[in-house]
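Please open the model in your viewer and keep the selection panel at hand.

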Amino acid sequence: MPSYLRRTLDNSEIKRLFYLCQMRQILITGASGNIGTEVIKSLFKQGNNNHIIAGVRNMSKAKQIFTDFKNLDYRDFDFENLQTFDKSLESIDCVFLLRP
């Protein structure tokens with residue numbers, strides 16, 4: 001993992017996200033990308049009661065990446081397809097928004 005990415009994930013933003021979203025449904029956009037993957041790993045590592053949902057364009061790719069995360073749910077989310085927004089955001093309390 002590049003050092004700049006490690007620094008980004010070690011900062012207080014992940015902890016702040018965790019604090020703000022305790023016991024909620026959190027949608028992580030860009031979940032199968034480099035940063036989204038690390039955000040999901042960090043949230044699971046912290047051992048919280050949140051329901052983590054990966055917002056992805058390619059469901060099969062995401063499921064290959066996150067094979068060890070049995071409690072992770074997936075939703076079709078594509079910034080280029082507005083039709084995916086409503087269903088993806090349904091019942092979501094908090095969004096980690098990472099746009100392309």
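Residues are numbered from 1 along each chain as its sequence is written, and side-chain values use heavy atoms, with hydrogens and water left out.

The largest pocket holds about 330 Å³ of space. Closest to its centre, among the 17 lining residues, are Gly30, Ala31, Ser32, Gly33 and Arg57. A pocket is an open set of points on a 1 Å grid over the protein atoms alone where a 1.4 Å probe fits, with protein on both sides within 12 Å along at least five of seven lines; lining residues have an atom within 4 Å of a point.

Next, display the strands (DSSP runs of E, at least two residues). Four of them form an open sheet in the order S3-S2-S1-S4, with parallel pairing; two strands pair if DSSP finds at least two bridges between them. S3 and S4 (94-96) are the edge strands, each pairing on one side only. Select S1 (residues 25-29): three bridges join S1 to S4, and Ile26 has Cys94 as its bridge partner in S4.

Finally, colour the chain by pLDDT, the predictor's confidence in each residue, from 0 to 100. The chain has a mean of 84. Confidence is highest in S3 (residues 73-76), at a mean of 96, and lowest in helix H1 (residues 3-10; helices are DSSP runs of H or I, at least four residues), at 51. Where pLDDT is low, the predicted coordinates should not be read in detail.

Notes
This is a predicted model: local features need pLDDT of at least 70, side-chain atom pairs count only at pLDDT 80 or more; totals for chains, interfaces and linings use all residues. Grid points are joined across faces, edges and corners, and a volume is the space filled by probe spheres set on the points.
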